[in-house]
Structure formats: C-alpha cells, structure tokens
Amino acid sequence: MTRRVRIALLAPALLGLGTLFAWAIAGLPPFGEYRGPYGFVLNQIVVPLRHTTNVVMATTFDVRGIDTMGEEFILYASVLGVTLLLRDETGARQVERNTRRLRDDTVRLVGVLMVGGGLLVGLWLVAFGYITPGGGFPGGVVLAGAILVLYLIGSHRDYRPFRNEHVLDPLEGIGTGGYVVVGLAALVGGLAFLTNLFGFGQTGTLASGGSIGILNAAAGIAVTIAMLLLFAEFLETYVVPLEPEDVGS
Amino acid sequence: MSYLPYAVAAWLFLVGLAGVATSKNLIHLAVCLTVTQSASYVLLLTVGYVKHGNAPIFKGIPLGAPAVDPVVQALTLTDVVVSVVVVALILALALDAHRLSGTVDPDGIADISG
C-alpha cells in the first residue's frame, strides 16, 4: 500500500472515529461530576480497613492486587521479549567498548549528585509508597533511572555491575515471584489468593497495611530490575565506539 | 469548558493514530503510539475527577474530605507500565529491523521476508 492510498484511507477513518468520540463525550457526565460509586466507597473504607493512607496504592496492591500481579507479569514478559529479540547469537555486534570517561568534571559532579539524589528519592517513593504519594512502580523507575545516570557520567566499567545478568535475573525473580508467594501464603492458610494476611498496624506508619507493604516492595524490586534489564539489553546493542577526540583520559 | 479534558483525550488519540499511520520512522512511530496511549491517561483521570477533590491520599487531610476516584488512578498506573513495555518491545523490533534491512522506514522494510 502506498503512502497516498494509506492517507486517503486514514482521513475518513479518523473523521468517523472523531465523530464517534464527540458522540460518546456528549453522553458523559461533565468534567468534575464523578458519579461512580467505587471511588467514593474506597475512599471511605480503605483507611479504616487497611490503615493505609495512600488509597491508590491500597487499591493497587490489595483491592485489585491480582490485576497488579498480571501487570508485573506483563513487565516480565516484555523484558523476556526484548532480551530474546536483541540477543546476539552471531557476535556480529561486537564493537569496541568505550572504557574512557567524560572529560568535564562539572558535568560529572552534577551527574553524581543526580545519582545520589535520584536513588534517595526512589527509595523514599518505594518505602513510603503506601503512605504518601509514590509506590513500587514509580519508585522503581526513578531508582533505575538514577542508576542509568551512572552510565552517562561514568564508563562501561562503572556500569558493569548493573548489567550483570547473573545478579539481575535472580533479583527479578525475587521481585515478580515474591508477589506470587505472598498470594500463595494466603492459600496455604486456607484463605483466598492474595488475602491480606498480616496485622494492619497503626494508620499512617510504615508498619501499616499488612501485606500491602511487602507487595509494594516486591513490585519496587521487580520494576527496578526490569528497567535495568531493558537498559542493559539496549546498551549492549547500541554501544558505538567513540572518536578519540570525544573522550578524555 | 466542562468537556474540554475529554476533547483533549480524543484529540491526543486521533493525532497519535495519524502519526502512527503516516510515520516514516519506526522510532517516530513508537513515540506516536505513546501519544495515542496518553489519551487513555487523560480520559481515565478525567472520568474520576471530583470537583475540588483532593488526591486520594489521606495523610494531612481528614478522612471523608472530598477526593478523586482512586480506581482510575490505579488503572492509569497499569496503563503507564503497559505503555513503557510496549515502547521497549517496539524499539527492540526497530533495532532488529534496522539490522536486517538497514532502514527504519516502515515502507522500506515491507519488502523483506523471513
């Protein structure tokens, strides 16, 4: 199909879809007039029931915890897919590794501060995720992003521990599998899968929420490591030798 | 004005879709798909918004204060994760396509087989 034919087909299709959207929007309640019961119900019952102040995370890891398990498996499957797609069997992509460093000390200093600050923010987001805004998913991405800055300011040698499959793979297993283990633990006790097992603690503290905290930590590990595995695969494929004038000693 | 956020969601979806269909570069295509998917974040958060509502995090605000729907926020979280992994897979496929055919133009790689 040529470009022109494709655009000729696309234009009426988009017009039709836009009309359907306009029709659908006209039937929706106006912005700000939320009517569904579930949001109101959860906002009323979650804090008294689970002692967790971040209702979004309590919803993610408790009320619809089984969905989040599926979400972790989506992440896992995608990392697996990228790894299989980019796996180099021919050795054709062997290129010279840049082992030298960035020359500018100011950039490196700012970078180091970003790594430290990013790790701190990421850990805070994961640890307090079910109390204040945050959670294992956003926190894990921030952690992995902070570690990636280390690659930008350092060298392959500095970054090597964070793309070592022998370290990352078991950790990814712990993150994704840990979630399932918490679910199975409830089954062993004769309860439904992923039933919240532990005491709910004092509202608004790290000890609140029962298994929400454990599932949150498992998700944090799984997301951080999944991101690092993705970065590792892309870096492995994309590394290009730098010209001598681009790098210092 | 009260329907503007819905219109933004619809606009993002249509613009992203047009970008995907007319893209000449697989990486550009992945970005367009992200724009398309952003429409669902806007739509979800719009549907759950309560006028003058707080974030559904009852730390520092009293229990029972008006708050927006936490369900759609959790769904948006799932949505973002799915978006990220889909982009990762498309970029991996783009790298493979580039390695096999030497181009990232979807029209240029349509001729190769197996």
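Leaving aside neighbours within four places in sequence, A:L75 is in contact with A:A222, A:V223 and A:A226 in its own chain and with B:V81 and B:V85 in the other, where contact means that the C-beta atoms, placed from the backbone, lie within 7 Å. This is a predicted model, in which local features need pLDDT of at least 70 and side-chain atom pairs count only at pLDDT 80 or more, while totals for chains, interfaces and linings use all residues. Residues are numbered from 1 along each chain as its sequence is written, and chains are lettered from A and ligands numbered from 1 in the order in which they are written.

- Helix α4 (residues 65–86) of chain A has 22 residues and reaches 32 Å from its first C-alpha to its last, close to the 32 Å expected at 1.5 Å a residue, the expected span being 1.5 Å times one less than the number of residues.
- Among the buried residues of α4(A) are A:L75, A:Y76 and A:V79; buried means that 20 or more other C-beta atoms lie within 10 Å of the residue's own, exposed that 12 or fewer do, and partly exposed in between, with C-beta atoms placed from the backbone.

**Interface between the chains**
- On the two sides, 42 residues of chain B are in contact with 44 residues of chain A.
- For chain B, α1 (4–22) and α3 (70–101) are the elements that give two or more residues to the side touching chain A, and α3(B) provides the largest share, 15 residues.

**Positive phi**
- A:H51, in the loop between α2 (37–50) and α3 (55–63) of chain A, has phi near 60°, a positive value in a residue other than glycine, and it counts as buried because it has 22 C-beta neighbours inside 10 Å.
- B:H52, in the loop between α2 (26–47) and α3 of chain B, likewise has a positive phi near 60°, but B:H52 is exposed, with 9 other C-beta atoms within 10 Å.

**Chain B overall**
- Chain B has 3 helices and 0 strands, and its C-alpha trace spans about 60 × 30 × 20 Å along its principal axes.
- Of its 114 residues, 28% count as buried.

Methods:
Helices (H or I, at least four residues) and strands (E, at least two) are DSSP runs, numbered from the N terminus.
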